[in-house]
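Please look at the structure before turning to the solutions.

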2 protein chains.
Amino acid sequence: MHIVSLAGGIGGARFLRGLKAAAPDAEITVIGNTGDDINLYGLRICPDLDTVMYTLGGGIHEEQGWGRTGETFAVKEELAAYGVEPQWFGLGDRDFATHIVRTQMLGAGYPLSAVTRALCDRWRPGVTLLPMTDDRAETHVVIDESADGSPPRRKAIHFQEWWVRLRASVPAQAIILVGADDAKPAPGVLDAIAQADVVLLPPSNPVVSIGTILQIPGIRSALEEKTVIGVSPIVGGAPVRGMADACLTAIGVETTAQAVAELYGPSLLDGWLIAEGDETNVAGIATRPRPLIMHDVESAAEIARAALELAEELR
Amino acid sequence: MHIVSLAGGIGGARFLRGLKAAAPDAEITVIGNTGDDINLYGLRICPDLDTVMYTLGGGIHEEQGWGRTGETFAVKEELAAYGVEPQWFGLGDRDFATHIVRTQMLGAGYPLSAVTRALCDRWRPGVTLLPMTDDRAETHVVIDESADGSPPRRKAIHFQEWWVRLRASVPAQAIILVGADDAKPAPGVLDAIAQADVVLLPPSNPVVSIGTILQIPGIRSALEEKTVIGVSPIVGGAPVRGMADACLTAIGVETTAQAVAELYGPSLLDGWLIAEGDETNVAGIATRPRPLIMHDVESAAEIARAALELAEELR
């Protein structure tokens, strides 16, 4: 069986670990979000690809959900001692090595998909991990810096500055994927979708993770041809984790399983797993309530099994 | 008093620490060797400038003589886990931060002299540290890889590969400063020499440290106008530290204080400190025997004092 899953960071990675346990014989291709990627200190950092790679490859910091286990922070402390900005992004020493290798390969002319393959040669995540695109498509957030009552003073900042530095505390007036129009799906993305028996949307952020991947021209239309099962990232009117509500509010969508299902829409979504107690009614989307909290690999695997069963039922 | 000192790595840095103690009120400009600089993992590494900066700034690993005190090696271990080559060059985590800052500034268009000044803003070495040149002039070593009796198979390798990986165990057939002809002294180098009351040549490697700096067009001729005092790096027919003998042999010079004085020559050298028990007779070079082993800052300061006294005497 061929499974394609989109993925953001922590939620996507934990779901995928469950999926591997639920479907050990499946061939799984993961299309990872690269809209959050950022250049810091001259290095190219791909937070979501790395979270998936480290989680599936056994190198993740379990409690934190991102970064490496057993991490130290000598490089970061030294950069701060040099007065280098920004200091709000937390990179550990082990993690730095990944970015050094990636940056060197990109500088030598390899596309991100080839770099990701080379990094995965070490991590052996047990899936084919593809960036959504080899092109630069970067999520920026428009905020208003004016004081109360004064005329608006809008400014676009990198998603990571909004998410990590500001902790999404300043309302986003718009979320824009800069470069989206000119980006092409990375090699292998459309082929994997074409060969997929089922496509899964894990409980990643529907705006800045899944929504970003869907904006790369050609990906959404390819997915619409497939049986697509989504897992709601909203449970009881709040994100399972993270600050998806701030992103949904920015694009005028309520923080409910119903609203996210409408956002994806029946042209994309065939099946939708929601938490017990939630409700979704969208014509053309088959909805099933299930326990959606991923306490551990087994509870994530249960969700993946439910998604695959629903796909089987709908196919 | 204005003092200019050339400098290589460990020996130069330890001498300079003594010089600062011996002449606390002097204005000292150090012209550092950058012929050993190397690009590794996409980062620009300047071993000699860093050794001077860390030693005078209080960050050096004392016993080792290079690298940072309290160093850890997570990045290096991770690069090795990715299979990245070379693995023979030892970079610690703290040290990596310096190279990341340098590489980012160079990439932004700053010349090495400006980058070095920015790094020294943190380290406050108490001297003005200048690279010999902002241009790329790199020491390469010609070796013969043929088996005994077969025709020569010559190959030029980066100095660091010969020095660190091969531990200078393969005879150097030639030592070449690639790019020397087109290199210009870095901003401030010729001005500092012009204003110098005395110029010191510390007991750095006479071939690949001092000899390299002297090859940058314009530097040697400017120094020849000055009172120049050298400290012999050879004591009792052997280098005080390091493998200077392998470098001297490569250029057909004996490993004696006499031969190194002849190599520098009376057009450059006015005074020459040699170890007690050694002898040097070169017309036009005033020679003084002194204890030349730098056990600690005070013994290094004693050597620096002797050099300054000899300069005073000769001026």
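**Exercise 1.** Which residues of α1(B) meet which residues of α2(B)?

*Solution.* Bear in mind throughout that this is a predicted model. Begin by locating the two helices of chain B, α1 at residues 10–22 and α2 at residues 47–57, whose axes come within 9 Å and cross at roughly 35 degrees. The crossing of α1(B) and α2(B) is right-handed. On the side of α1(B), the residues involved are B:I10, B:G12, B:A13, B:R14, B:L16, B:R17 and B:K20, and they meet B:T51, B:V52, B:T55 and B:L56 in α2(B).

**Exercise 2.** Determine how chain A is related to chain B, and which helices of chain A supply the side that touches chain B.

*Solution.* The same surface serves both copies, since 100% of the contact residues of chain A recur in chain B. Next look for the residue of chain A that comes closest to the rotation axis, which is A:D93, with its C-alpha at 3.4 Å. Then turn to the contact itself, in which 20 residues of chain A touch 20 residues of chain B. Helices α3 (74–81) and α4 (93–107) of chain A each supply at least two residues of the side of chain A that touches chain B, and the largest share, nine residues, comes from α4(A).

**Exercise 3.** Is A:L79 buried or exposed, and with which residues is A:L79 in contact beyond its neighbours within four places in sequence?

*Solution.* A:L79 has its place in helix α3 of chain A. The cut-off for burial is 20 or more other C-beta atoms within 10 Å; A:L79 has 24 and is therefore buried. Leaving aside the neighbours within four places in sequence, A:L79 is in contact with A:Y41 and A:V84, and also with B:A97, B:I100 and B:V101 of chain B. The C-alpha atoms of A:L79 and A:Y41 are separated by 8.9 Å, although these residues are 38 residues apart along the chain.

**Exercise 4.** In what order do the strands β6, β7 and β8 of chain A form their open sheet?

*Solution.* The order is β7-β6-β8, and the pairing is antiparallel. β7 (154–158) and β8 (174–178) of chain A stand at the edges with a single partner strand each, so one side of each is left without a neighbour in the sheet. Neighbouring strands of this sheet are turned by 30 degrees against each other on average, direction ignored. To follow one pairing in detail, take β6 (residues 138–144) of chain A, which five bridges join to β7(A), where A:I157 is the bridge partner of A:V141.

**Exercise 5.** Which residues of helix α11 of chain B are buried, and where do the buried residues of α11(B) pack?

*Solution.* Within α11 (residues 257–264) of chain B, the buried residues are B:A257, B:V260, B:A261 and B:Y264. Seen down the axis of α11(B), they fall within an arc of 100 degrees, so they line one face of the helix. These buried residues of α11(B) pack against β10 (228–231), β11 (234–235) and β13 (271–275) of chain B. Just after α11(B), B:G265 takes a positive phi of about 85 degrees.

Key:
Residues numbered from 1 in each chain as written. Chains lettered and ligands numbered in written order. Predicted model: local features only at pLDDT ≥ 70, side-chain atom pairs only at ≥ 80, totals over all residues. Least-squares fit on C-alpha atoms with pLDDT ≥ 70 in both. Contact = placed C-beta atoms within 7 Å. Pairing = 2+ DSSP bridges. Helix = DSSP H or I, 4+ residues; strand = E, 2+ residues; numbered from the N terminus. Axes fitted to C-alpha atoms, helices over the stretch in contact; angles between N-to-C directions. Buried ≥ 20, exposed ≤ 12 C-beta atoms within 10 Å, placed from the backbone. Arc of directions from axis to C-beta. Left-handed = near helix turned anticlockwise from the far one by under 90°.
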